Structure formats: structure tokens, C-alpha cells
Amino acid sequence: MKGIAHFATGAALATFFPAVVQAGAEGSLVPVLGAIGGILPDTLDFRFARYFEAYDLEIDPGPEPDAAAMAEALAEAMRRAYTSGRDQAVMVHSVRLGVDLWRSYALRFDPEAGEVSVRVGPLVNTGGVIYPGSEPEVGAEARCEVGVPLESTYSEAYEVAGFSGPSFRFAREGERLAVHFLDWHRRWSHSLVVAAGLGLFCGLLWGPWAGLVAGLGAAAHILEDQLGHMGSNFFWPFTRGRVPGLGLLHSGDVLPNFLTVWTSVALILFNLDRFSAHPWLPYPGFLLGALGLPWGLSGLFGLWRRFASSKKIDKSALREGDLVADTERPAS
């Protein structure tokens, strides 16, 4: 989910408590703590945690990326992780050629073929718009056999087209080499234990209601993220790895983000009205129109798309669109 969706969810949860609504009416900022808790996990990651990540290897493609050299460097790091048993953290940088000009490229980890491939693409601007005729003519794609059994834990393909490139952690897990994407993301910050600690901290500073709404906002963020693919480390520091997500949506999907924000705003209005001295909203009609109608239409739209689409879509290709959202969103 995007940051605005998490923010709205946290704010909506705070309004379910009459005491919190009353405090807000009297000028207290306690309701805002729910919204702040909602965006805090990603803020911690994208503003702090990512900058403390140490890498065993950084691949800088330079202005003229060499696909074969990049593929070999990745494959060598993967072999080293497998044979030594020591995790290898690797950062692959983007190719910036100007203020608003980038050379795009794609990485693919293919477990079936046991290969890693690099494909150099066309020039693009920051918005991802392709400059026609800018595709490289020779050496645009290279494949390198890794020689060890692979397992992709997030996606098999990654498009790099601007800002920071992706980072990976290659780790031997049993007889396979796991490829973990953005290993610094959704670890300790996306822990229900940390959410509870946040609630306790805010409760000690500003009272029990402040602690409750802040902790709930952070916990809601974590649970919303679990609807995607990457998952979260629910019980850090007692657990080490991320629990895989349900794979129901992608962080950059427009419709789920829109529905989350819409629903949150509708619930905020509903709660503010019903806890007021003179409620005036027609509750059944309001809920049916504000919630039932958009959710019903979105469900019908989803069924129509599924019915109209006769072409099977590879899940790994669907996840490519998450790369920019998951590496660059400041607080989502």
C-alpha cells in the first residue's frame, strides 16, 4: 500500500473510540497519532534503515552497461553465498545519464534454468517514458548459469529505470539459494512487537488512548502489507525472517489504494457523526452508498477483467511493477 493509504487507515481506526474523538474535538492531537503510527513502519525503513545496510558487493553499470559483466558478477556472488554458507548482500545501482534521463535495464533470476540474466533496455525519463530508437543494438542481453538450485522469494524479474536500483541478499537455505529482495525492508520496523512497543511508549508519554491508537495504526500498516507479496517479520526480535505475504495485491495497485483511502475517509465521517451531539447521517443509507457501492463496483470490475482476459499472466511479471514503488516510495 502507498503511504496515503496507511495514513488514512490509522486515522480511521482512531475515530472508532468516542474518547479519542472527544479529545480531538477539544483540540487534542491524539487522533493524529493513529495516522502517524500508520506511516511510521515505512518511514523508519525508507528514511533510516536503508542507509545503514552494508553490502558485500555493489554493481555500478556505468554509463554504458555491460550485460555480460553484470550477469557474471551477480552469478559469482550467488555461487559464493552457496559454497561458503555466508550471506551475500548486493546492491545493483541504476544508470543515470542526466537530470531526467536513465538507461533502463532488467534483471531476472530463473530458478528453472538456474540462470541469472541481464537485459539492457532503452533510455527513459523519470516517469518511465521510453525514448524511441534508444535501445542498444548489440550486447543488450546476457545470461549466466549460476550452477546452484535457486529459489526466488519475491519475484523473478526486476525492471530498473530510475533512482536507486534494487538490492538483494543471497542466502543458502538448505539445498537451495534464496534470492531475497530489499532485505532491509519490512524487517524490524514491520513487527507487531515493535507496534506494541510504540503503543506502550506513546501511552507512557501521552496517556493510554494515545498508546492505543498509535499501536493500532502501526499494526494495521503491517497487516495491510501482508496482503502483498513481500510479507513482514511479525515477531522481530524473536524471529529473523519475513513471513511471505498472501499475494493478493501489489503495493502500487491503484484500485486497492483508492478503495482503502475512500473507505477510511467514509469511516472517519461516519464515526465523527455518530459520536457527535446531534448525528444527522442516515447510517444504513450512508454506509450502503459510501462503502457498498464502490466496493461492489470494484468487485464487478475485477470479475469482468478476469472474464475478459483469456491470456494467462505470469505472477513474476506482475510483480515487476512493484520495484519502483518498493524501492523509492518514501513512506508507503
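Strand β3 (residues 95–98) runs antiparallel to β4, with 3 bridges between the two; strands count as paired when DSSP finds at least two bridges between them. A hairpin with 2 residues links β3 to β4, and Gly98 has Leu101 of β4 as its bridge partner. The model is a predicted one, in which local features need pLDDT of at least 70 and side-chain atom pairs count only at pLDDT 80 or more, while totals for chains, interfaces and linings use all residues. Residues are numbered from 1 along each chain as its sequence is written, and side-chain values use heavy atoms, with hydrogens and water left out.

**Chain overview**

- The chain contains 10 helices and 10 strands; helices (H or I, at least four residues) and strands (E, at least two) are DSSP runs, numbered from the N terminus.
- Taken along the principal axes, the C-alpha atoms occupy a box of roughly 70 × 45 × 40 Å.
- Of the 332 residues in the chain, 46% are buried; buried means under 20% relative accessible area, exposed over 50%, and partly exposed in between, with a 1.4 Å probe and protein chains only.
- Contacts (heavy atoms within 4.5 Å) between residues at least 6 apart in sequence join residues at least 24 apart in 71% of cases.

- β4 and β5 are antiparallel partners over 8 bridges, and Arg103 stands opposite Leu123 in β5.
- The hairpin formed by β4 and β5 has 4 residues between the strands, and Gly114 in its turn has a positive phi of about 65°.
- β5 also pairs with β6 in the antiparallel sense, over 5 bridges, where Val116 stands opposite Cys144 in β6.
- β5 is mostly covered, with 8 of its 10 residues buried.

**Nonpolar cores**

- A nonpolar core is a set of buried Ala, Val, Leu, Ile, Met, Phe, Trp, Tyr and Cys residues joined through side-chain atoms within 4.5 Å.
- The largest such core has 36 residues, and Leu74, Met78, Val92, Phe168 and Phe170 have the most contacts inside it.
- At least two residues of this core come from each of α4 (67–84), β2 (88–92), β4 (101–110), β5 (115–124), β6 (141–145), β8 (157–160), β9 (167–173) and β10 (176–181).
- The greatest contribution to this core, 9 residues, is from α4.
- Beyond its neighbours within four places in sequence, Met78 contacts Phe109, Val116, Val146, Leu150, Phe170, Leu177 and Val179.
- Another core lies apart from the largest one and has 15 residues, among them Val20, Ala210, Val213 and Ile222.
- In soluble globular proteins, nonpolar side chains tend to be buried together.

**Second largest pocket**

- The second largest pocket has a volume of about 300 Å³.
- A pocket is found on a 1 Å grid over the protein atoms alone, as an open set of points where a 1.4 Å probe fits, with protein on both sides within 12 Å along at least five of seven lines; lining residues have an atom within 4 Å of a point.
- Grid points are joined across faces, edges and corners, and the volume is the space filled by probe spheres set on the points.
- The pocket is lined by 17 residues, of which Thr153, Glu173, His180, Arg187 and Arg242 are the closest to its centre.
- β9 supplies the largest share of the lining, 4 residues.
- The lining comprises 5 nonpolar, 4 polar and 8 charged residues; Ala, Val, Leu, Ile, Met, Phe, Trp, Tyr, Cys and Pro count as nonpolar, Asp, Glu, Lys and Arg as charged, and the others, Gly among them, as polar.

**Loop residues**

- Ser232 sits in the loop between α6 (208–225) and α7 (254–274) and is buried, with a relative accessible area of 0%.
- Leaving aside neighbours within four places in sequence, Ser232 contacts Arg186, His190, Ile222, Asp225, Gln226, Gly241, Arg242 and Val243.
- Pro237 lies in the loop between α6 and α7, and the peptide bond from Trp236 to Pro237 is cis, with omega near 15°.
- Arg186, in the loop between β10 and α5 (192–206), has a positive phi near 55° and is buried at 3% relative accessible area.
- Phe163, in the loop between β8 and β9, has a positive phi near 55° and is partly exposed at 43% relative accessible area.
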